Amino acid sequence: MIQEAVQLAPALIAWLDLFGIAVFAASGALAAAQRGQTLVTFSFFALITGVGGGTVRDLLIGAPVFWVQDWRFAATCLVTAALVWVTPKSFWNARALDWFDAIGIAIYAVFGAWKSLTLGVPLLPAMMMGVITACVGGIIRDVLAGEPSILLKPEIYVTAAALASGLFVLLLWFGLPVLPAASLSALAGFALRAMAIWKGWAIPAYRG
Amino acid sequence: MIQEAVQLAPALIAWLDLFGIAVFAASGALAAAQRGQTLVTFSFFALITGVGGGTVRDLLIGAPVFWVQDWRFAATCLVTAALVWVTPKSFWNARALDWFDAIGIAIYAVFGAWKSLTLGVPLLPAMMMGVITACVGGIIRDVLAGEPSILLKPEIYVTAAALASGLFVLLLWFGLPVLPAASLSALAGFALRAMAIWKGWAIPAYRG
Amino acid sequence: MIQEAVQLAPALIAWLDLFGIAVFAASGALAAAQRGQTLVTFSFFALITGVGGGTVRDLLIGAPVFWVQDWRFAATCLVTAALVWVTPKSFWNARALDWFDAIGIAIYAVFGAWKSLTLGVPLLPAMMMGVITACVGGIIRDVLAGEPSILLKPEIYVTAAALASGLFVLLLWFGLPVLPAASLSALAGFALRAMAIWKGWAIPAYRG
């Protein structure tokens, strides 16, 4: 039943997808900009951050890797890298990027879970595919840049992705149609991440 | 011939598999505990360390990734992470974990080689798949935690995995049935790793 | 048309492939030698650096991973690691290795793009597969060794791979047969990397 329900709105999803990739690619290119890198490194970081999470997801669920089949995704990353390159640093506001990134995480967590469900992945792994789609690109970017990963900060980030994809899977399981389920869960994930950016919300750490 | 011989004892193997994953997941969650991380990070580290090696193996040999098809593996990692989270630090004994990890390495090295052989991988790459299954989860955990990898220490670790999977492949090649070959090689790998934990055995380093 | 044109010279390509792997494997083993590692770590680094880029390429384009199907590739890496192990450090000339590595990059960038095209990958992603084949092995080696990646240096390295694979795809698109296109582009990529080694050529960095 879930698999039938989720076969919807491919055009909308395709546009959200390109948007999410552009946002993540920009965050990758900006990481290169902060390190005073070359245009080639800008492109590499934009590509890895933009398509990294979706690539790992596609490999894990056994789907053809999306950006290898369709050149528009790679082109989006390269154009984004070039745009960041020609823009003066003062133009970029770290806060603004955080907000874009928050939108990207929310959309991508739902999208990753959705794509996995359409391919018959069970609920629990599908929920995890959502988290992977949303977060792995940024994790690879941090590792390559030699930075402590967002994983190791108490800030709510992976948690917001987990909320979005977990809620989405749960709502589908309760019988909600895919569009309201997706909208609700993406909004919830975005709202949680927004509180982390805005109010510094964090979740409790282990004290032993 | 080898391919026929290795089609045995799937139920036993399935239980060993879940056990190995739980042990590795615990070592991942403990790495998060040592850094005072959140429950979400506990879960992420438990999952990556628990299923990382087997995931890379399945991708390389072209098998469906085991934990994406069967939710029990991911559930095992999450439950393990939660158990570590609710347990006071003083309960965990680094030594005890080393011993569990040693069992995990030995079992997994043999299991990885075995699974690869059943899918027609030649002997030398199959032996390497055993090493990858046993060691890659821990390597990814170290990289994400920003720690020097076990790879760079003279301590016998990868070597024990290589002994277990190499001996297993060799014994099968000499015509031994799969169960005695597996038991013998897992024991040998465990014994070697035990000497490293117990007596500090190391192998000689390059002196140029 | 491109797909027909590129189905050529498999024997030549196979030998170039083994040569490229040996060169990269040597650079991985030397990274282990510089850190005074054990023979097991030598082998691990040789394997990862030697086959890493091609592995990621094969996974991305959905081809069977080359070295899992054919044991000669893994054997080449292990033999290379053993050769580096028995050789005194003074024998190895960092410069000499850079030159071998430059040949490896040029050949591999073209080979990766070529293999992707034969499998129906569009031009832009195929060009990127060339860069990935040439550079990802070295990047993984750097990450595992805890070293700042070549990605973060202004030195021309990824750029040379991008020139080789980009030119190759472009020349095929303009209708050149595969052998002249491959030779020309590999030479161009090698020449550019040579200027970086010899004259310290670099490309401009972002100044904001």
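Predicted model: local features only at pLDDT ≥ 70, side-chain atom pairs only at ≥ 80, totals over all residues.

Modeller: Residues are numbered from 1 along each chain as its sequence is written, chains are lettered from A and ligands numbered from 1 in the order in which they are written, and side-chain values use heavy atoms, with hydrogens and water left out.

Biologist: Which helix gives the largest share of the side of chain B that touches chain C?

Modeller: Helices are DSSP runs (H or I, at least four residues), numbered from the N terminus. Helix H3 (39-61), helix H7 (123-144) and helix H8 (158-173) of chain B each supply at least two residues of this side. The largest share, 8 residues, comes from H7(B).

Biologist: What area do chain B and chain C bury between them?

Modeller: The size of an interface is often given as the accessible area lost when the parts come together. Buried area is therefore the accessible area (1.4 Å probe) that two parts lose on being put together, summed over both. Of the area buried between chain B and chain C, 79% is on carbon and sulfur atoms, and the total is about 2,300 Å².

Biologist: Which three residues of chain A lose the most area to chain C?

Modeller: In the contact of chain A with chain C (contact means heavy atoms within 4.5 Å), 30 residues of chain A meet 24 residues of chain C. Chain A and chain C bury about 2,300 Å² between them, with 78% of it on carbon and sulfur atoms. Together giving 25% of what the side of chain A buries, the three residues are A:Phe44, A:Val68 and A:Leu144.

Biologist: Is B:Trp85 buried, exposed or partly exposed, and what is its relative accessible area?

Modeller: Buried means under 20% relative accessible area, exposed over 50%, and partly exposed in between (1.4 Å probe, protein chains only). B:Phe42 is buried, with a relative accessible area of 0%. B:Trp85 is partly exposed, its relative accessible area being 22%.

Biologist: How many residues apart in sequence are the parts that B:Phe42 and B:Trp85 tie together?

Modeller: Rings of Phe, Tyr and Trp (its six-membered ring) pair if their centres lie within 6.5 Å, and planes under 30 degrees apart count as stacked, over 60 as edge-to-face and the rest as tilted. B:Phe42 and B:Trp85 form an edge-to-face aromatic pair, with 5.1 Å centre to centre and 90° between the planes. Because B:Phe42 lies in helix H3 of chain B and B:Trp85 in helix H5 (residues 71-86) of chain B, the pair ties together parts whose separation in sequence is 43 residues.

Biologist: Is C:Lys115 buried or exposed?

Modeller: C:Lys115 is found in helix H6 (residues 94-118) of chain C, and among the residues that C:Lys115 touches are C:Asp58 and C:Phe66, not counting residues up to four places away in sequence. With a relative accessibility of 16%, C:Lys115 counts as buried.
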